[in-house]
Amino acid sequence: MEEKTKIEIKDVSKVFGKNPKKALGLLEEGLSKADILEKTGNNVGLYKLNFEIKDGEIFVIMGLSGSGKSTLLRCINRLIEPTVGEILIDGSDVVKMKSETLRELRRNKLGMVFQNFGLIPHRSVLDNVAYGLEVRGIDKEERYKKAIEAIENVGLKGHENSSISELSGGMQQRVGLARALATDPDILLMDEAFSALDPLIRSEMQDELLALQDRMQKTIVFVSHDLDEALKLGDRILLMNEGKAVQIGTAEEILTEPADDYVAKFVAGVDRSKVLVAEAVMKRPDPVISINSTLKVAVQLMRKHGISSIYVVDRNKILKGFVTIDEAIEGMKAGKTIDDVMKKDSETTSPDTPLNELIPIIESTSPVAVVDERKKLLGVVVRGSVLGALAMEE
Amino acid sequence: MAQALEIPKIPLGDGAEKVVELIEQNLGFLLDIFTTIMNILISGIRDVLFFLPPVLFIIVVAAISYLISRRDLKLAVGVAVALTLIESMRLWALTMQTLSLVLAAALVALVIAIPIGILAAKSETLYQIIRPMLDFMQTMPSFVYLIPAVIFFGLGNVPGLVATTVFAMPPPIRLTVLGIKHVPKELKEVGDAFGSTPMQKLIKIELPSALPSIMAGVNQCIMLSLSMVVIAAMIGAPGLGYQVLAAIQRIDIGSGFEAGLGIVIIAIILDRLTQSLTPEK
């Protein structure tokens with residue numbers, strides 16, 4: 001993946017109220033949000049945020065309600081004006097933009113999906129999806145063509161002329177997503193996009209978003225209060241509390257190295273088996289034996305390391321199979337080669353398989369080889385390391 | 001002693017008189033132009049209403065009500081029967097005169113009220129300024145408007161129209177403000193987030209979304225116009241109201257009842273028709 005920076009947030013703060021500068025001054029002095037609200041009547045929404053969002057990543061802003069996550073999202077397209085700070089999208093500062101330039105940016109680069117879908121009730125599905133193109137002044141024929149493409153893209157083909165009230169919640173949010181995609185923006189801003197849906201539909205939509213993202217490679221900024229959702233979707237996650245950034249990192253970093261007690265408490269309830277993947281718990285495949293070696297070497301290696309089987313690889317570390325110690329000894333006596341006695345049906349898994357899918361496999365067979373698409377051996381997962389990771393102190 | 005405690009009279013009434021006098025003396029030519037335009041409007045509408053003979057008119061109106069009410073046959077039949085009753089009472093001409101004045105007054109009122117409502121919904125300051133004015137316009141007894149109307153515009157249709165317009169404006173202003181202010185915040189954000197200009201946002205999102213409320217204002221405006229048009233008969237506005245007034249003076253129960261019934265019939269028809277124009281939420 002490209003590591004180009006798409007959005008840069010620099011020293012962004014937002015204070016709601018009549019005297020934001022004074023409130024910011026008090027913040028510098030170290031007063032808490034509650035004290036400032038009581039003293040000045042100003043409400044601190046965001047405080048000194050600094051981070052970057054990379055091109056093509058799903059960046060999840062996560063926190064409880066009131067943590068400022070939706071405010072932060074709205075600062076990116078300036079539905080809310082930050083009090084101070086810079087927000088650079090592709091290097092240009094959104095905060096300083098004139099309304100004309102800002103409008104162009106919103107029309108061409110930014111799509112937004114809303115918590116309660118934000119569909120225009122008097123318009124059909126098609127006209128809702130075409131809205132962004134319509135305000136751009138694109139003629140009817142072309143905008144309908146693009147809108148229909150977007151509708152098909154989210155799996156709503158055939159519903160173009162339905163009215164919004166005929167659709168279920170999940171379908172309505174697909175319309176919301178299609179509307180945001182219809183203008184082919186670089187950046188998708190998603191504000192609690194799936195929070196209003198029931199759990200099954202939500203999970204389905206998350207999968208669909210991930211599938212869409214595989215095809216489209218947008219930069220997605222996703223706001224959520226649901227940690228499971230954040231961990232599932234986010235390439236990286238920003239955890240917020242009281243308008244401040246608490247931790248930024250990948251799902252695993254947040255789970256395994258919480259920055260402070262707040263994060264640790266936050267992640268305590270997470271079902272780790274859904275988040276941790278094979279890659280995180282696998283061990284180096286050591287030792288392995290080359291397919292061109294002899295059974296005698298294989299037996300020696302197994303004895304030396306006290307193991308009962310060994311993986312067989314070729315020169316490029318491509319997994320070929322495995323040999324158990326009993327068969328190796330028998331084969332050695334009969335003068336056979338590794339190729340003759342090795343079992344080729346070794347159990348394998350990909351590095352991004354979550355542990356909850358790995359557990360049933362590892363119950364019956366251990367170890368399991370972790371291989372990439374070309375069957376290159378990356379590591380091994382044994383029962384003990386999976387259980388160990390799940391049982392880790394939280 | 002009693003005299004010392006007396007609060008001096010502030011000459012507010014004199015002041016109002018002075019203002020009216022000043023306007024009349026200095027802006028007479030503007031008032032004349034206005035009178036002419038309004039007369040053209042009223043007589044234009046009247047000519048349209050008189051264009052068809054009653055029977056055809058009844059059929060056309062019944063057909064229109066059938067269509068705009070999404071094929072409500074009961075309404076269409078009711079409208080036809082009610083209009084036939086008016087014709088059979090020999091009140092057709094008077095009814096059309098009343099109707100033309102009502103429609104003209106409501107039209108003028110709406111043309112002014114809806115834009116003001118939109119602006120007031122966007123600007124809290126403007127809303128704070130016009131709110132007491134609206135209260136004033138609504139609670140001041142409607143007869144009082146008749147006095148300056150007569151001074152400025154003489155007797156007849158136009159002062160009736162002006163007094164009616166003033167009286168009928170507040171509800172559509174209020175309901176337009178209400179409708180636009182109650183457009184869900186998220187929908188407004190949708191407008192902005194996709195890069196709409198303020199005008200695009202207003203026309204494509206806010207107005208359609210506020211339409212039920214605005215249409216309720218239109219309905220109220222027409223109803224109030226009708227009630228005021230009857231009162232405007234006191235300053236010579238022709239029509240059913242004048243008939244009622246004459247019946248009072250002559251204590252002619254029969255004629256008064258018939259004219260009154262005619263007004264009720266128009267009121268019900270106008271109410272049902274504007275209501276069926278209102279989109280369902």
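Predicted model: local features only at pLDDT ≥ 70, side-chain atom pairs only at ≥ 80, totals over all residues.

Trainee: At what angle do α11 and α12 of chain B pack, and how far apart are their axes?

Mentor: Two packed helices are described by the angle between their axes and the distance between the axes. Here, helix α11 (residues 185-193) and helix α12 (residues 198-231) of chain B pack at about 170 degrees, and their axes are 10 Å apart. Angles over 145 degrees count as roughly antiparallel, and α11(B) and α12(B) are therefore roughly antiparallel to each other. Their crossing is right-handed.

Trainee: In what order do the strands of the open sheet in chain A lie?

Mentor: The order is β2-β1-β4-β5, a sheet of 4 strands with antiparallel pairing. Its edge strands, β2 (43-54) and β5 (92-93), each pair on one side only. Strands β1 (residues 5-16) and β4 (residues 84-89) of chain A are joined by 5 bridges; A:Lys10 has A:Glu86 in β4(A) as its bridge partner. Helix α1 (residues 20-28) of chain A lies across β1, β2 and β4, at about 100 degrees to β1(A).

Trainee: How many residues does each chain give to the contact between A and B?

Mentor: Chain A contributes 14 residues and chain B 13 residues. On the chain A side, α4 (99-108) and α6 (131-135) are the elements that give two or more residues. That side has 6 nonpolar, 5 polar and 3 charged residues.

Terms used
Residues numbered from 1 in each chain as written. Chains lettered and ligands numbered in written order. Contact = placed C-beta atoms within 7 Å. Nonpolar A, V, L, I, M, F, W, Y, C, P; charged D, E, K, R; others polar. Axes fitted to C-alpha atoms, helices over the stretch in contact; angles between N-to-C directions. Parallel < 35°, antiparallel > 145°, perpendicular 65-115°, else oblique. Left-handed = near helix turned anticlockwise from the far one by under 90°. Pairing = 2+ DSSP bridges.
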